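This report describes selected features of one structure, element by element. Please consult the sequence and the model while reading.

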Amino acid sequence: MHFAHLLLATAIASTPVAGANEKPTSAETGFVRLDDDITLRRLVVRNANPQGAVLFLHGFPESSLAFKDIAIALGDDYEVHAFDWPGYGQSSRPSPDRFAYAPADYARVLKAYIAHERIDTSKLTIYATDIGALPALLLALDEPHIARGIIVGDFAPFDRPQLMHENLRNLKSPGSAEPTRAAMNANHADIIANVHRRDLPPESQYDLAPEFQADIASNWKRDGMTTVDAFAHYYAHFTRDQRYFEANVAKLQTPVRVVWGERDIYIRPDMGLEFAAKARLQIDVLPGIGHFPHPQDPARTALDVRASFR
C-alpha cells in the first residue's frame, strides 16, 4: 500500500466513535435529477450533526468515486458530497445542442446541485480540481456566498496555452481540436491506465483504488458520448470562459486557497503562481506531487479540507 493511502487508512481506523453500536461511516450513491437534460450520479457521506459540509469536484478523466475514501475519512465530522459532471461517470450526457459542457454551464450545474441538496453554503467548503475549478470560481464571481471557502488547484484559470500540455493546447485550437479528440479516444486505454501517474518518477508511482479505476473504464462511453468527447466540448468554450474570468478576477470575494502539484506536467505550477499573485491568494506548491494530489496523497487532501474550517 502506498504510504499516503496507509496514512489515510490509519486516520479512518483511529477515529473515535461515539458508542459501541454506532455504524461506521459509509458512502451512499444515488441520482439527482436537476432538469430534463441533467441527472447527476452523486456520492454522499451523511452526518447527523455535521460541523460543516464539503463538496468535491473532480477532473478529467475522473468521477465522483475519486473522492470516496477521502469522503469517508472526513465523514465523522462533515457531510460530504461529490457528483459526476455531465459527460463523466454515470451522469447524463445530453447532446451538445442541448448542453454545451462549457465551464459556465458546469457552474450552473454546480449551483443547481447545491440548491437541490439544500446545502448550507455558510458552512460549505468546495474542493475543486482540474476541470472542476473554473466552474466553481465562475459561480463564486456571481455568488460570493456560494461557499465559506473554495480550494482549487491544477487547472487553467487563464488563457496561457504555453503552460499547458500539448494535447490541452491542441484542444483549445479549433484547427487541431478534432484530430486531438480522435487520437485521445483511440488511446483511451492508455489514458485510463496512466494519466494519473505520467508526471511522476518510479519511486512516486501509486495505485488507484480498483473501484475508482474500474468506474472510469466501465463508464468511458455512455449514450453515444465518451469522456474525451465531453472534455473536448468543455475545451471548445474554455478560452472564452478563461478570458471572462481573468477580466473579472479582481471581483472575486469568496475566500479561495490554491494548491498545486509541483510535478504537474499537464498544467504547470507557473499557472497557479500567476493566478495566486493576480488574485492575491495563498498558494501551496506541493513537493513531489503531480497533477492529481487527491489520489496521490489523500491524507494531505483531507488535512487541507479540515484546515479550511479552522
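Which residue of β2 does E28 stand opposite? E28 faces V44 in that strand.

## Basis of the report

The structure is a predicted model, in which local features require pLDDT of at least 70 and side-chain atom pairs count only at pLDDT 80 or more, whereas totals for chains, interfaces and linings use all residues. Residues are numbered from 1 along each chain as its sequence is written, and side-chain values use heavy atoms, with hydrogens and water left out.

Helices (H or I, at least four residues) and strands (E, at least two) are DSSP runs, numbered from the N terminus.

Strand β1 (residues 28–33) pairs with strand β2 (residues 39–45) in the antiparallel sense, over six bridges. Pairing of two strands requires that DSSP find at least two bridges between them.

Because six of its seven residues are buried, β2 is largely enclosed by the rest of the structure. Buried here means under 20% relative accessible area, exposed means over 50%, and partly exposed lies in between (1.4 Å probe, protein chains only).

The buried residues of α6 are S176, T180, R181, M184 and N185. An α-helix has 3.6 residues a turn, so residues three or four places apart point the same way. The elements covering the buried residues of α6 include α5 (166–172), α7 (188–194), β8 (225–226) and α9 (227–236).

L137 lies in helix α4 (residues 133–142) and counts as buried, because its relative accessibility is 0%. Leaving out residues up to four places away in sequence, L137 touches V152, F155, F245, L252, V256 and F275, where contact means heavy atoms within 4.5 Å. The C-alpha atoms of L137 and A107 are separated by 8.2 Å, although the two residues are 30 residues apart along the chain.

T239 belongs to helix α10 (residues 238–248). With a relative accessible area of 17%, T239 is buried. Apart from neighbours within four places in sequence, T239 is in contact with D159 and K172.

## Cavities

How many cavities of 30 Å³ or more are counted? The count is three. A cavity is a set of points, on a 1 Å grid over the protein atoms alone, where a 1.4 Å probe fits but cannot get out; lining residues have an atom within 4 Å of a point. Grid points are joined across faces, edges and corners, and a volume is the space filled by probe spheres set on the points.

The largest cavity has a volume of about 70 Å³. Its lining consists of D130, I131, F155, A156, L168, F231, Y234, Y235, F238 and I267. Helix α9 gives the most to this lining, with three residues. By class, the lining has nine nonpolar, no polar and one charged residues. Nonpolar covers Ala, Val, Leu, Ile, Met, Phe, Trp, Tyr, Cys and Pro; charged covers Asp, Glu, Lys and Arg; the others, Gly among them, are polar.

## Backbone exceptions

Most residues other than glycine have a negative phi, and most peptide bonds are trans. A cis peptide bond joins F60 and P61, with omega of about 0°; P61 is found in the loop between β3 (53–57) and α2 (68–74).

Two residues other than glycine have positive phi values: R118, at about 55°, and D154, near 50°. R118 is in the loop between α3 (103–117) and β5 (124–129) and is exposed, with a relative accessible area of 78%. D154, by contrast, is in the loop between β6 (149–153) and α5 and counts as buried at 1% relative accessibility.

Definitions and conventions: 1 Å grid on protein atoms, 1.4 Å probe; cavity = no way out; pocket = protein on both sides within 12 Å on 5 of 7 lines; lining within 4 Å.
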